[in-house]
Amino acid sequence: MNFDPSPLTVGVFALFVAVTLGISFYMGRKAKSSQGYFAAHGQIPWFVNGVAFAGDYLSAASFLGICGMIAFFGYDGFLYSIGYLAGWIVALFVIAEPMKRLGKFTFADALNHRFNSRSIKLAAGVSTLAVSVFYLIPQMVGAGALVTPLLDWPHWLGVCVVGTVVILIVVTAGMVSTTWVQFLKGSLLVVFSAVLTVLILYRGFEVTEQPVEQQTIVRSGDNITVNNQPADEAAAEAALRPIGEVVALPDGESRTGPVGPMEFFSTLQESEVVLWNQESTTSEDGALTVTYTPNKRSGAEVLLPGEKFTGLRSDKLIDKVNFLSLMLALFCGTASLPHILIRYYTVKDGAAARKSTIVGIACIGFFYVLTLYMGLGAMTSGDIFSFNSNMAAPLLARSINEPLFAIISAIAFTTVLGTVSGLILASAGAVAHDLVEALSTETLTDQERVRIAKIASVVVGLIAIVLGIVFKEMNVSYLVGWAFSVAASANLPALVMMLFWRRVTAAGISWAVVVGMISSLAWILLSADSYEKIYGLPASDALVPFSQPGIVTIPLGFAVVIVVSLLTQPREAAA
């Protein structure tokens with residue numbers, strides 16, 4: 001689908017990028033030491049840090065991926081929102097204050113505060129890199145999806161632009177600029193998502209005038225046929241189908257007018273919608289065939305779980321286990337993400353860490369409620385003709401008016417910038433503060449740490465650009481689910497046992513991190529989804545029974561830290 005960028009959208013996009021870089025360059029003067037570069041001197045106000053939590057956490061997966069999954073599959077996409085939000089309970093009651101009390105720069109600081117172990121620094125540093133790179137993939141994919149409708153650039157160019165801007169942000173100012181960029185974009189994202197939701201409610205529902213029947217468009221050279229009949233370009237354009245549309249409203253109405261927040265759901269529940277499936281094939285002679293197949297559903301079915309996560313309605317235990325594994329990873333993963341954990345070092349004390357977490361939960365929870373309205377609004381609008389699920393939310397804004405589309409897309413773009421900069425900063429800290437120091441025989445100076453971190457930022461940024469191009473077609477929320485699984489498997493068991501078990505040892509922590517990371521990565525790479533969507537192989541050839549590893553690899557991490565710690569007790573403790 002082609003997009004024609006308007007001067008307004010280009011201008012708004014350029015303004016947001018300019019403001020973001022301006023903040024970065026201005027704040028760069030305050031980040032000369034490693035304390036300033038990695039932790040903003042611990043002087044970020046708790047409210048600002050709380051909103052920055054939301055800005056960091058509400059990534060491309062939250063805005064683009066979840067809205068897209070709801071638009072394509074109904075309520076099931078919202079289950080990601082529930083899992084993402086629930087994970088903050090662990091962060092609030094278990095992680096927040098201990099992380100601030102025990103660490104200084106990185107996740108490894110908290111793990112290593114009792115041991116001063118080189119093996120813990122190495123294991124935690126590698127884990128931070130693995131999780132951050134996995135999490136970077138969906139952010140970069142989302143960036144490319146955003147820039148495509150905004151500026152009519154190809155996906156790869158959008159990914160390259162985002163990567164370049166983020167590298168500039170991190171290299172120039174580190175955590176200081178990253179925090180304020182995240183605060184700005186978190187505030188704007190929540191506010192304008194609320195505005196978009198209000199406009200969805202004001203527009204209400206309208207019945208489509210198009211016939212609900214399969215449409216087949218064939219393009220061969222200059223010849224076009226629609227449903228096996230010769231046609232021109234206008235007829236082919238008219239035959240295009242949206243991702244979804246309303247075909248019947250309660251009481252035979254053709255239009256509802258404005259609806260209230262609860263009336264929105266009750267009206268949809270009593271309506272009928274059509275979800276269109278698009279399939280494209282190219283024959284040997286170069287003819288492109290696009291077929292749209294209608295899938296008529298009642299609104300009540302759309303609002304029930306089980307459309308995407310079929311395991312919820314399946315009689316097979318393995319399907320239900322796969323869904324449970326995903327929810328477990330989302331619940332446990334939040335408190336294990338390195339770029340979230342390092343934000344606790346930007347405030348002055350444990351109380352500020354706790355209060356900033358509460359502010360973050362409030363902002364994030366409110367936003368996730370809005371995703372349900374935005375996703376269902378995109379499904380039923382009849383105006384979204386792109387079948388890339390990552391583009392549903394921006395194109396919904398475009399269906400209302402062009403200025404809103406420009407603002408929403410630009411805000412979402414800065415959302416990607418903020419999250420990616422946090423991830424790259426966490427990676428840079430792991431390299432400079434954990435890996436290099438663990439491998440070096442000499443203590444690094446402040447200037448050396450910062451210089452190494454900036455070099456690492458460039459390298460990680462380039463890796464993220466490449467991976468964002470390679471994984472172009474995958475839904476960003478689905479990719480983030482994998483990142484949460486790796487984080488929860490590698491980091492959470494070691495962190496929780498270090499906080500609450502006196503007999504834990506350095507060897508137990510190190511092995512738990514390594515085994516959790518390797519087992520979860522291996523499981524993902526051997527899963528049916530990887531075989532089908534990455535390798536292009538039959539899903540039936542996969543070597544593991546289901547795709548989400550958390551239900552196996554998270555308990556495995558806890559088992560490893562307990563067993564290894566018991567086997568490596570100091571002699572006086574064993575006696």
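Trainee: Leaving aside its neighbours within four places in sequence, which residues is Thr-380 in contact with?
Mentor: Thr-380 is in contact with Phe-205, Gly-244, Glu-245, Val-246, Leu-268 and Val-273, where contact means heavy atoms within 4.5 Å. Bear in mind that this is a predicted model: local features need pLDDT of at least 70, side-chain atom pairs count only at pLDDT 80 or more, and totals for chains, interfaces and linings use all residues. Residues are numbered from 1 along each chain as its sequence is written, and side-chain values use heavy atoms, with hydrogens and water left out.

Trainee: OK, is Thr-380 buried or exposed?
Mentor: Thr-380 counts as buried, because its relative accessibility is 7%; buried means under 20% relative accessible area, with a 1.4 Å probe and protein chains only.

Trainee: What lies 2.9 Å from a polar atom of its side chain?
Mentor: That's the backbone oxygen of Leu-376.

Trainee: And which helix does Thr-380 lie in?
Mentor: Thr-380 lies in H15, which covers residues 350–380. Helices here are DSSP runs of H or I, at least four residues, numbered from the N terminus.

Trainee: Why is H15 called largely enclosed?
Mentor: Because 23 of its 31 residues are buried.

Trainee: What caps its N-terminal end?
Mentor: Asp-349 does, with a side-chain oxygen 3.3 Å from the backbone nitrogen of Ala-351. After H15 comes Gly-382, which has a positive phi, near 75°.

Trainee: Switching topic, at what angle do H3 and H9 pack?
Mentor: About 75°, with their axes 7 Å apart. H3 and H9 are therefore roughly perpendicular, a label for angles of 65 to 115 degrees.

Key
Helices (H or I, at least four residues) and strands (E, at least two) are DSSP runs, numbered from the N terminus. The expected span of a helix is 1.5 Å times one less than its number of residues. Buried means under 20% relative accessible area, exposed over 50%, partly exposed in between (1.4 Å probe, protein chains only). A polar contact is a pair of N or O atoms within 3.5 Å; within protein, one must be able to donate a hydrogen and the other to accept it, and residues adjacent in sequence count only if both atoms are side-chain atoms. Axes are lines fitted to C-alpha atoms, for helices over the stretch in contact, and angles run from 0 to 180 degrees between N-to-C directions. Angles under 35 degrees count as roughly parallel, over 145 as roughly antiparallel, 65 to 115 as roughly perpendicular and the rest as oblique.
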